[in-house]
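Open your viewer and keep the selection tool handy.

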Amino acid sequence: MVVIALAAVAGALLVVLFLAGPRLRARALDTARTTLFAEARLMARLVGPALAAGAESDELDRLVDAASGDVRARVTIIAPDGRVLADAELSGPALAAVENHADRPEIVQARAEGLGSSLRHSTTVDRDLLYGAVTIEHEGRLLGFSRVAYNLSELEEQARQLQGVVALA
């Protein structure tokens, strides 16, 4: 009798995990997206004055490199025409060689709506990333875009840990 009861409980837990798993992943991605937008806004505030003053790419890149450790994410500053002006993981010639980002889904959406996100593979750093981008504006003029990205494998690991906690409950 006890064995049957334990088997029934185990079966019920498996069903809960099966049904809740995708929701837990979606919830983790939604939470990460919200945080990405907040961090992108903070980075926009950080570089906005320098962009408005006409700062060169190397100055913007130093600002981004110094601040990106605090957000623990990849940070990219993109000009309105799609040129990458600063990137937390690239500097110098590597930064100058990055392809135009005007057509990246999160940038297209941010241009249209003020913020945008996408979940895709980064050809620049060869990893799957979750992106969040916001516009950088000054006195009604678009100065560029602040984009922050999280490594998807880290987000997936957090979702797996959450599923483990649910399984233990």
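**Stop 1: the pocket**

Start at the largest pocket, which has a volume of about 210 Å³. Here a pocket is an open set of points, on a 1 Å grid over the protein atoms alone, where a 1.4 Å probe fits and protein lies on both sides within 12 Å along at least five of seven lines; lining residues have an atom within 4 Å of a point. The points are joined across faces, edges and corners, and the volume is the space filled by probe spheres set on them.

Before going on, a word on the model: it is predicted, so local features need pLDDT of at least 70 and side-chain atom pairs count only at pLDDT 80 or more, while totals for chains, interfaces and linings use all residues. Residues are numbered from 1 along each chain as its sequence is written, and side-chain values use heavy atoms, with hydrogens and water left out.

Now select Ser57, Val84, Leu85, Leu95 and Ala96: of the 14 lining residues, these lie nearest the centre of the pocket. Helices (H or I, at least four residues) and strands (E, at least two) are DSSP runs, numbered from the N terminus. Which element gives the most to the lining? That is α2, with 4 residues.

By class, the lining has 5 nonpolar, 4 polar and 5 charged residues. Ala, Val, Leu, Ile, Met, Phe, Trp, Tyr, Cys and Pro count as nonpolar, Asp, Glu, Lys and Arg as charged, and the others, Gly among them, as polar.

**Stop 2: along the helices**

The term stands for a side-chain nitrogen of Lys or Arg within 4 Å of a carboxyl oxygen of Asp or Glu. Arg62 is exposed at 52% relative accessibility, and Asp58 is partly exposed at 47%. Buried means under 20% relative accessible area, exposed over 50%, and partly exposed in between (1.4 Å probe, protein chains only).

Move to helix α1 (residues 2-52), where Asp30 and Arg33 are 3 residues apart, again about one helical turn. Their closest N and O atoms are 3.2 Å apart, in a salt bridge.

**Stop 3: the sheet**

Select the 5 strands of the open sheet, in the order β2-β1-β5-β4-β3, with antiparallel pairing. Strands pair if DSSP finds at least two bridges between them. At the edges are β2 and β3 (115-122), each pairing on one side only.

Zoom in on β4 (residues 127-138) and β5 (residues 141-151), which pair over 10 bridges. Leu130 stands opposite Tyr150 in β5, and the bridge partner of Tyr131 is Ala149. In the hairpin of these strands, with 2 residues between them, Glu139 takes a positive phi near 50°.

On to β1 (residues 74-78), joined to β5 by 5 bridges; look for Ile78 opposite Phe145. How many residues of β5 are buried? The count is 9 of its 11.

**Last stop: one more charged pair**

Finish with Glu99 and Arg104, a salt bridge whose closest N and O atoms are 3.0 Å apart. Glu99 is partly exposed at 45%, whereas Arg104 is buried at 12%.
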